[in-house]
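Let's take a friendly walk through a protein structure, one stop at a time.

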Amino acid sequence: MTIGFAIAFAILTGLAVIGVARFLQQRQDYENATARSYQREINARNRLTQGQNSVAARTTIILQQRQREALRDEISSETRDTALLVGAGLIAGLTGAALLFTGLIASMRRPLEDLVDASGRLAGGDLNARVKVGGLTETATLGGAFNEMAEELQRRAGERDQLDRMKDEFVLTASHELRSPLTSVQGFAELLMLEREKLTPGQAETVEVILDNTRHLTRLLNDLLDLARSDAGRLTIKPVHTDVTSLIEDAARTMRAQFDARGQELGLEIEPDLPAVEADRDRIRQVLVNLLTNANEYCPEGAEIQVKARHASAEIEIDVIDNGPGIPKQQLEHIFERFSRGDAGETQRVGGTGLGLAISKSLIELHGGSIGAESTPSNGSTFRVRLPASGAASLAEAERSRAEA
Amino acid sequence: MARILVADDSETILLLLRTRLEMEGHEVETAADGHEVIELVRRDPSGPELLLLDAMMPRKSGIDALRELRQEGIEIPALIVSAHADGRNEVSDPELAVNDYIAKPIDFEQLFAKIAELTS
């Protein structure tokens, strides 16, 4: 295509040069002929003044004048021809060039459009995006470079995915292997505590320490696992039609012993006939247990903790309210961030993982809900979970799917 | 109180489960793998009122044993104990008809509540 363009340009230039050269030559010939004619006329006029052969001299003068007129006519017609030639050459050359240029643009346009399209797909995460390499050398090179780049991106993404899988696999296996011995340690320590009356106070205290630590280990394992999942974007929920009241009662039952152990009151205040929610039971239970555990551990002995649930417009609001020491403003702002915990003295005593609230937030958001905290120092804290209530349509749907099952 | 068939490959955990369940007044039979579970259920299909099976056991897992029993038309309620982090995914197959699953380390209060629910 470029060669064609160059040829057209050469033809155009050639025609113009030939035309101009021809014009100059014709002009030169005309001037020479005219000069010779004038010379002859001058000679004739000289002869006339000298009185020689006056008839012949006069004839020569008239002939020469006529010849110059003829020469003028000839040169003007030749100039017109040359101008026509140059003009035709110009028009033909320009038209050809324009046609070639349009063709050139068109032949670049397709590959460029393909490139734009493929870049868009690549940026959108489609690592299989490639372009067809062809056409002009320049666009072909560009297309080839693009494909190489996409290839490299895909290769690296593959490596990264593989590393992620290995990491996930490791976290899963480690957590699995740790769970069985942990079950035994925790189970037998609990067994000892069931016969507390047979233990000396010192022994009972020792077993209590074992239990506290197994609970901490379990929580750490679960939190690390959730965190690994969350990072991999694989923290998922399986929502089913769920009764909020039984969910709260279930969480409270799990925590009852811990509250009793610290002489704390746990009260439930659940509005009757709460609509159901579409929720992953285990995950919402996990969030509620996390909030209750925090209240249990951060509040002093004898504190009062309340769980209130009500229906507010299209949402179910669940509040976990305590009358504990409250949370300072600076901490409250970052409380749902990872590894954000109470002050150092407190965390030494409490021993949480600093991950619970961050995970709770992710889980509630996966449910399309929200979680927030309010606190007045020395006047307790309130954690509020909002979950969208099931609409009438989804209620009917749940009934139907239950009927089908 | 219920007759419960408990299977786990760890003797320690079997001892723990047996002790806690018997303290609750349940009658406990134990198996060390899925083969033993199938054998015990075949011998006396109306015996156990509940199967409490570990998901992962060598030779035959609780999940494989349960799948075989279900194919034979045995409908005894089953609770799967799983040390696997994604326990729920393991037991989500509707053919297994798993009634519930419980994670390790075992929360016994939760376990007792689920047993009461399934055997009432």
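The largest cavity has a volume of about 50 Å³, and the structure holds 1 cavity of 30 Å³ or more. Rolling a probe the size of a water molecule over the atoms shows where empty space is left. Here a cavity is a set of points, on a 1 Å grid over the protein atoms alone, where a 1.4 Å probe fits but cannot get out; grid points are joined across faces, edges and corners, and the volume is the space filled by probe spheres set on the points. This is a predicted model, in which local features need pLDDT of at least 70 and side-chain atom pairs count only at pLDDT 80 or more, while totals for chains, interfaces and linings use all residues. Residues are numbered from 1 along each chain as its sequence is written, chains are lettered from A and ligands numbered from 1 in the order in which they are written, and side-chain values use heavy atoms, leaving out hydrogens and water.

Which residues line the largest cavity? Those with an atom within 4 Å of a point count as lining, and among them are Pro111(A), Leu115(A), Val131(A), Lys132(A) and Thr139(A). Helix 2 (54-123) and helix 3 (137-194) of chain A are the elements that give two or more residues to this lining; helices (H or I, at least four residues) and strands (E, at least two) are DSSP runs, numbered from the N terminus. The lining divides into 5 nonpolar, 3 polar and 2 charged residues. In this scheme Ala, Val, Leu, Ile, Met, Phe, Trp, Tyr, Cys and Pro are nonpolar, Asp, Glu, Lys and Arg are charged, and the others, Gly among them, are polar.

Now turn to the place where the two chains meet. With contact meaning heavy atoms within 4.5 Å, 24 residues from chain A and 23 residues from chain B take part. Chain A and chain B bury about 2100 Å² between them, 60% of it on carbon and sulfur atoms; buried area is the accessible area (1.4 Å probe) that two parts lose on being put together, summed over both. His176(A), Thr183(A) and Phe188(A) supply 25% of the area that chain A buries against chain B, more than any other three residues.

How many salt bridges join chain A and chain B? The count is 1, where a salt bridge is a side-chain nitrogen of Lys or Arg within 4 Å of a carboxyl oxygen of Asp or Glu. Glu190(A) pairs with Arg20(B), their closest N and O atoms being 3.6 Å apart. Helix 3 of chain A gives 14 residues, the largest share of the side of chain A that touches chain B.

Last, look at some backbone details. Most residues other than glycine have a negative phi, and most peptide bonds are trans. Asp273(A) has a positive phi of about 55° although it is not a glycine, and the peptide bond from Lys104(B) to Pro105(B) is cis, with omega near -5°.

Key. 1 Å grid on protein atoms, 1.4 Å probe; cavity = no way out; pocket = protein on both sides within 12 Å on 5 of 7 lines; lining within 4 Å.
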